[in-house]
Amino acid sequence: MKTKSIIAIGVVALISATGLHAEDVDDKKADKKAAAEARKAEKLAKYDTDQDGKLSKEERQAMKADKAKNKAEKAAKPNKKKKQKKAEENAE
């Protein structure tokens with residue numbers, strides 16, 4: 001009888017823990033979705049020059065050009081972590 005009670009308590013605890021975890025996962029998914037929607041709205045506001053609520057071919061090209069420019073600028077910047085590692089190696 002004691003073993004059955006312990007097993008029942010364990011099963012209830014397991015079900016409860018699983019339910020809480022599922023809620024956390026759902027909250028994270030909702031947060032990610034909200035963040036993605038915010039980024040989409042931000043891009044639309046920035047690149048939708050004719051204010052029609054969607055990006056035309058020219059507007060998408062402008063967005064891609066900005067993305068390429070930002071990528072090139074990022075690549076041109078020195079990596080601080082690599083710089084710090086080299087400085088530590090030289091100090092030794």
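The secondary structure of the protein comes to three helices and zero strands, where helices (H or I, at least four residues) and strands (E, at least two) are DSSP runs numbered from the N terminus. This is a predicted model, in which local features need pLDDT of at least 70 and side-chain atom pairs count only at pLDDT 80 or more, while totals for chains, interfaces and linings use all residues. Residues are numbered from 1 along each chain as its sequence is written, and side-chain values use heavy atoms, with hydrogens and water left out.

User: Which side chain of opposite charge is nearest to glutamate 59, and how many Å away is it?

Analyst: Glutamate 59 belongs to helix H2, residues 57-76. Glutamate 59 is buried, that is, under 20% relative accessible area with a 1.4 Å probe and protein chains only. Glutamate 59 has no salt bridge, a term for a side-chain nitrogen of Lys or Arg within 4 Å of a carboxyl oxygen of Asp or Glu. With Lys and Arg counted as positive and Asp and Glu as negative, and His and the chain ends not counted, the nearest side chain of opposite charge is arginine 60, at 6.9 Å.

User: What percentage of the residues of the protein count as buried?

Analyst: Along the sequence, the pattern is α-α-α. Of the 92 residues of the protein, the share that counts as buried is 3%.

User: Which residues does glutamate 59 contact, leaving aside its neighbours within four places in sequence?

Analyst: Contact here means heavy atoms within 4.5 Å. With those sequence neighbours left aside, the partners of glutamate 59 are Tyr47, Asp48, Thr49, Asp50 and Lys54.

How values were computed
Buried < 20%, exposed > 50% of the residue type's maximum accessible area, 1.4 Å probe, protein only.
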